Amino acid sequence: MSSDQELIIQFQQSINREANFTSLLHKHQQKVYYQIKRMVLDHADADDIAQLVWIKIWNKLDGFKMESEFTTWLFRIAYNETLNYIQKQQKQRNTLTNNDLLDYENATASSDSPKSTEIQIGLDRAISQLPEKQKVVFMLRYYEGFDYEKIATIVGTTIGGAKANYHQAVKKVEGFIKKL
Amino acid sequence: MEQMNKDTTLEQDRQWAETLLNKQSLSQFNLSKTDAPFNYFESFPEKVMSRIENEKRQQKEKRNATLFFLPSFMQPLNRVAIAAAVIIIVGGSFIFLNNSVNKKTAASIVAAPISIQDLSSEEIEAYVDTNEWIAEIDVQSQMNKENTRLSTLDENQIEEIKNTLYK
């Protein structure tokens, strides 16, 4: 399989643009979708945001200068799009209500996911209440295994800031679970 | 080595989170957030590409619609003709105005009355040196003005007229 760089260069040189773009899409679509879904929970929302992210990538890929890894850039766009979506939603709803938490738990317990335990529900609620930046830093570090430099670029902070966000996230979730 | 250090730190971070939270719950949380409808990822690229195509088509239609509703003078083909006309008008006006300014300047030079008394003797001498025959006519006209004839004048009177002219 061609590397991201090869695919991007060919795309930028207008060689099989659609084929090269589709290759990139196949390669990274799952990680992008999961990152978004961990933040918005609902599949329909995640699907819509993921589509917007890839349309944006199509429109901006010609200007991508490869100063950073493609995945860093991709996750940054995904993060920003998700954040925009959440902010729009929050404006509509103003604050997170109990109904949102109920929706969250339903989403968590839906489909083929393992049966939720008390700790599981507590953890889900705790993570859902984290500030968006802390939440995404935690996800990218714990689940994706990204290094802090990459995380810092994605969320637009320093390496120290990313580390602090990870530690604060874990501490906050722990505190929330202890209260249960 | 650097990669190993990074991995170690990552492992440490993960272990720290797992001791404070709950490893099983954390993995279940991830499972619940990484499920997607059956065959979703097979059809997703097609969905994205069709949206991109739609967007392209819409943009094209929008551009065409904008052009269609533009007044005729804003249509691209007419722009060249308009630009040419503007250049001709501006250029023509410039040439015309420039000429009339030149004419005015010339006219003002001609119209300005120059009295022989205003000229210095050096200027008159220089003029006479280069245009002797004209100078003679000037002397003659001066004599006519004073109602005298050359034949009736003696040398002193001629000298006097000359002096008057050269002063």
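Predicted model: local features only at pLDDT ≥ 70, side-chain atom pairs only at ≥ 80, totals over all residues.
Is F64(A) buried or exposed? I looked it up: F64(A) is buried, because its relative accessibility is 8%. Buried means under 20% relative accessible area, exposed over 50%, and partly exposed in between (1.4 Å probe, protein chains only).

Residues are numbered from 1 along each chain as its sequence is written, chains are lettered from A and ligands numbered from 1 in the order in which they are written, and side-chain values use heavy atoms, leaving out hydrogens and water.

Next I looked up rings. Rings of Phe, Tyr and Trp (its six-membered ring) pair if their centres lie within 6.5 Å; planes under 30 degrees apart count as stacked, over 60 as edge-to-face and the rest as tilted. I found 20 aromatic pairs over all chains. F64(A) and F70(A) are edge-to-face, because their planes sit at 75 degrees, with ring centres 6.2 Å apart. F64(A) and W73(A) are stacked, since their planes are at 25 degrees and their centres 4.6 Å apart. Both partners turned out buried: F70(A) at 4% and W73(A) at 17%.

Then I found a cluster: ring pairs link F138(A), Y142(A), Y143(A), Y148(A), Y166(A) and W16(B).

Last, charges over rings (NZ of Lys or CZ of Arg within 6 Å of the ring centre and within 35 degrees of the ring normal). R141(A) lies over the face of Y148(A), 4.1 Å from the ring centre.
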